[in-house]
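Please keep the sequence and the model in view while reading.

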Amino acid sequence: MNEDQLLQEADRRARSYVSGADQRRVFPDTREIAALAGFDEPLPKRGFAAAETIALMDDLGSPATVASNGPNYFGFVIGASLPVAAAAERLAIAWDQCASTEDGSPAAYAIEKQASKWLLEILDLPRSSAVAFGTSATACGLSCLAAARAALLARKGWDVVQDGLYGAPEVKVVVPASTHVTVRKALQVLGFGWNRVIKAPVDDKGRILPEQLPELDANTLLVLQAGEVNTGEFDDFANIIPRAKAARAWVHVDGAFGLWARAAPLLRDLTTGIEAADSWTTDGHKWLNTPYDGAMAICRDPQALARVMNSDAAYSSASADAQKNLTLEFSRRARGIPIWAALRSLGTSGVAELVTRHHTQAKRIGVALHEAGFEVLNRVVLNQVLVRGGDDAATQEILRRVQQSGSAWFGGTVWQERPAFRISLSSFRTEERHVDQLIDLLVRIGAKG
Ligand SMILES: *Cc1c(COP(=O)(O)O)cnc(C)c1O
């Protein structure tokens with residue numbers, strides 16, 4: 001089989017996988033998982049034929065995948081892959097560009113520049129901000145927090161890039177007590193130490209209580225949240241950010257999925273005031289429905305990000321806006337390409353429709369489950385529905401039975417010290433009939449009384 005035939009064969013299998021997304025089990029059964037033992041082979045001395053390897057991957061691998069690229073997956077906020085984003089990714093893989101700099105790939109550079117511009121426009125953030133396309137909201141958040149740390153310390157006359165952290169003035173870090181675990185991870189990696197991070201008290205929706213916000217000063221890095229992971233709620237940006245700015249703190253917003261509310265007129269008010277922050281992160285691979293790994297670090301002061309992320313060398317120097325000087329990666333693929341393709345194909349109205357549809361679906365599920373006797377724990381302001389059964393044992397039993405059913409999947413959580421489950425709406429493939437099926441399934445499995 002030549003290269004062309006092999007790519008056709010891989011594509012044939014990929015197409016067959018995607019077209020069956022509606023029918024396959026959402027979580028594989030034990031037999032399909034057991035068959036994965038077939039991958040346990042000795043490292044071959046002489047390699048196998050290429051087509052044989054692709055066949056093995058498909059034959060054993062595909063049945064044991066989680067159908068998160070299908071319509072019946074309601075776990076986390078994972079999003080499917082829009083066909084145009086997946087197709088753009090395929091072509092970009094064929095290009096195999098090292099999209100570090102304009103020299104590395106003029107095409108990738110131009111497309112990512114365009115994606116940056118559109119992104120700032122659709123999210124309505126300061127148009128001169130730097131946009132870095134990284135692997136995840138975790139990595140992009142880390143980049144923004146590193147930029148914040150350097151900028152805050154620079155004001156104190158300390159150059160953290162050259163002189164490091166030993167002996168540096170202390171930066172006060174404040175996060176919502178409900179902050180996402182990956183913000184914690186990024187802060188820990190940066191050497192802030194979780195025990196020294198101040199956790200601001202939050203209300204029963206996971207939002208910082210503005211009246212209990214710790215004192216902020218010009219040494220403070222304040223992290224806020226657009227889209228709390230259980231409730232989907234937003235911090236009160238319009239109240240908190242002006243106070244933080246008056247104190248000269250740096251404000252970073254974790255908006256891994258929630259920032260997209262800004263692109264939907266119906267939900268935009270949730271984000272009022274967010275544009276006054278200093279940096280923001282969001283994902284493409286969640287609500288925008290692009291493939292993994294695609295996320296964005298957005299920084300109001302492009303120099304602040306470029307300064308900590310610079311990786312110029314004598315053999316590889318580039319402009320401050322080269323992606324290798326904004327992201328953690330040096331060699332990298334152009335993660336902005338599928339994002340560009342998604343934005344170009346959806347347009348502002350398509351993104352608004354996608355986000356609004358999921359919100360409407362989530363609301364409908366909330367109402368139906370409440371009427372069926374479930375305890376719906378949140379207001380469903382976004383795309384998350386947080387639910388409990390009659391008691392803790394019932395909640396866990398419902399979760400187990402849904403996950404084993406193969407016809408839908410969502411995950412559990414602990415909310416206010418008791419088990420609950422989280423239903424997230426984020427796949428462009430999820431239509432009203434899939435929502436009906438999910439409601440039917442839950443009502444059948446678990447209504448109390
Ligand atoms: C998913 C998520 C993250 C981390 O995003 P990754 O792209 O998975 O690294 C951060 N914050 C929130 C609120 C999230 O939901």
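How many residues of strand S4 (residues 220-225) are buried? Six of the six residues in S4 are buried, where buried means under 20% relative accessible area with a 1.4 Å probe and protein chains only. The model is predicted: local features need pLDDT of at least 70 and side-chain atom pairs count only at pLDDT 80 or more, while totals for chains, interfaces and linings use all residues. Residues are numbered from 1 along each chain as its sequence is written, and side-chain values use heavy atoms, with hydrogens and water left out.

- Val-173 is placed opposite Leu-221 of S4.
- Strand S5 (residues 250-254) also pairs with S4 in the parallel sense, over five bridges, and Asp-254 in S5 is the bridge partner of Gln-225.

**The ligand**

- The ligand is surrounded by 13 residues, each with a heavy atom within 4 Å of it; Asp-254 is among the closest.
- A side-chain N or O atom of Asp-254 is 2.7 Å from a nitrogen atom of the ligand.
- A polar side-chain atom of Thr-138 lies 2.5 Å from a ligand oxygen atom.

Key
A polar contact is a pair of N or O atoms within 3.5 Å; within protein, one must be able to donate a hydrogen and the other to accept it, and residues adjacent in sequence count only if both atoms are side-chain atoms. Buried means under 20% relative accessible area, exposed over 50%, partly exposed in between (1.4 Å probe, protein chains only). Helices (H or I, at least four residues) and strands (E, at least two) are DSSP runs, numbered from the N terminus. Two strands pair if DSSP finds at least two bridges between them.
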